[in-house]
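Please look over the sequence and the model shown below before reading on.

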Amino acid sequence: MPGATASRPPAPRPPDPRPLTGEPLALDLLNTRWTQDGGVRDLLGDREGAAVWLAANGLDGRFAADEATLRHLLDARDAIEAAVDGTRTERLDRVLGHGRIRPTLTAEGPGERAEFADETWGPAWLAARNFLELLATAPDRIRGCAHETCTLHFFDTSRNGARRWCSMATCGNRAKASRHHARSKEA
Ligand SMILES: [Zn+2]
């Protein structure tokens, strides 16, 4: 029935529990795992968390949070992590093999559309492709938070490129506090 989807109210969904959101898709996928209270939390521990992630990135309208999509997202997350830490590129390259860019021409002009033989690879592929875009834009701006126990990643868009922390309010202040603590112990 035309229009039925548009008029349906969004399903209630638990809020995104992550400390850092809003980074580019590839890094936002990495940021589904974080440390909290000395333990590791993982938003992609189940399908409900995958649904939260898809919605946070505007992908919930096109893709379902089913088991296969979740499995492929976890694969892409490991692949991006391997590529971000060094030169292990094979796994990411394999993820990229599951999609294609199709050039399009519409009344709005030329464009591109991502196509997938298997739609459950869609979100994983989009995240992998976004990582390539970040590499092409500014590889040195892809950073991990400088705090030793923090695993979050960000794309530094600051003018001088001096961002060190996922968040000044949390990790930045924690680092300042521990430096202060070290100094006062020495004194
Ligand atoms: Zn941090």
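The notes below go from the whole chain to a pair of strands and then to a metal site.

This is a predicted model, in which local features need pLDDT of at least 70 and side-chain atom pairs count only at pLDDT 80 or more, while totals for chains, interfaces and linings use all residues. Residues are numbered from 1 along each chain as its sequence is written, and side-chain values use heavy atoms, with hydrogens and water left out.

**The whole chain**
- The protein chain holds seven helices and six strands, where helices (H or I, at least four residues) and strands (E, at least two) are DSSP runs numbered from the N terminus.
- Along the sequence, these elements follow the pattern α-α-β-β-α-α-α-β-β-α-β-β-α.
- Of the 187 residues in the protein chain, 37% count as buried, a term that means under 20% relative accessible area, with exposed being over 50% and partly exposed in between (1.4 Å probe, protein chains only).
- Among contacts between residues at least 6 apart in sequence, 50% join residues at least 24 apart, a contact being heavy atoms within 4.5 Å.

**A pair of strands**
- Strand 3 (residues 99-106) and strand 4 (residues 109-116) pair in the antiparallel sense over eight bridges, and two strands are said to pair if DSSP finds at least two bridges between them.
- A hairpin joins strand 3 to strand 4 through two residues, and in strand 4 the bridge partner of Pro103 is Glu112.

**The zinc site**
- The zinc ion is coordinated by the SG atoms of Cys145, Cys150, Cys166 and Cys171, at 2.3 to 2.4 Å; donors are N, O and S atoms within 2.8 Å of the metal (3.2 Å for Na, K and Ca), and since water is not among the atoms, sites may look incomplete.
- Along the chain, the donors of the zinc ion follow the spacing C-x4-C-x15-C-x4-C.
- The arrangement is tetrahedral because the four donor atoms subtend angles of 103 to 117 degrees around the zinc ion, and four donors count as tetrahedral if all angles lie between 85 and 135 degrees.
- Cys150 counts as buried because its relative accessible area is 12%, and Cys166 is likewise buried at 8%, as is Cys171 at 2%.
- A search of the whole structure finds zero disulfides, a disulfide being a pair of cysteine sulfur atoms within 2.5 Å.

Methods
Four donors count as tetrahedral if all angles lie between 85 and 135 degrees; four count as square planar and six as octahedral if opposite donors are over 155 degrees apart and all others between 65 and 115; anything else is irregular.
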